Amino acid sequence: MSNSLGLGREVTGSLGYLLKHAHLELDALMTRALEPLGVDPRSLGVLRVLASREPTSQQEVAQLLSVDRTTMVALIDSLERQGIVSRTPCLAIVAETS
């Protein structure tokens, strides 16, 4: 028997298909729930990492969340514009060599 999309039970009953659609539904529900707060699920992930750690670099947050640097900059820029997070320069101390 096939569904309205013409996909057979062997596809719609597979674990991968079911997990994908469960994820899509969860993402939609989370997006709607977070909308009044002005954040989305990805931003919430960043905020959860930041809330659970000492101040950390955006590079470390990107690595923890497996997000590329460009995407992380955009996420942090958005959160910073909203006044939710702030960035400060990370100063490295390097020993002088003679």
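Of the 98 residues in the chain, 16% are buried (buried means under 20% relative accessible area, exposed over 50%, and partly exposed in between, with a 1.4 Å probe and protein chains only). This is a predicted model, in which local features need pLDDT of at least 70 and side-chain atom pairs count only at pLDDT 80 or more, while totals for chains, interfaces and linings use all residues. Residues are numbered from 1 along each chain as its sequence is written, and side-chain values use heavy atoms, with hydrogens and water left out.

The chain contains five helices and zero strands, in the order α-α-α-α-α along the sequence (helices are DSSP runs of H or I with at least four residues, strands runs of E with at least two, numbered from the N terminus).

Helix H3 (residues 41-51) includes Leu-44. Leu-44 has a relative accessible area of 26% and is therefore partly exposed. Beyond its neighbours within four places in sequence, Leu-44 is in contact with Met-30 and Leu-34 (contact means heavy atoms within 4.5 Å).

The axes of H3 and helix H5 (residues 69-81) come within 10 Å and cross at roughly 85° (axes are lines fitted to C-alpha atoms, for helices over the stretch in contact, and angles run from 0 to 180 degrees between N-to-C directions). H3 is therefore roughly perpendicular to H5, a term for angles of 65 to 115 degrees. Arg-42, Ser-43, Val-46 and Leu-47 of H3 meet Thr-71, Met-72, Leu-75, Ile-76 and Leu-79 of H5.

How values were computed. Angles under 35 degrees count as roughly parallel, over 145 as roughly antiparallel, 65 to 115 as roughly perpendicular and the rest as oblique.
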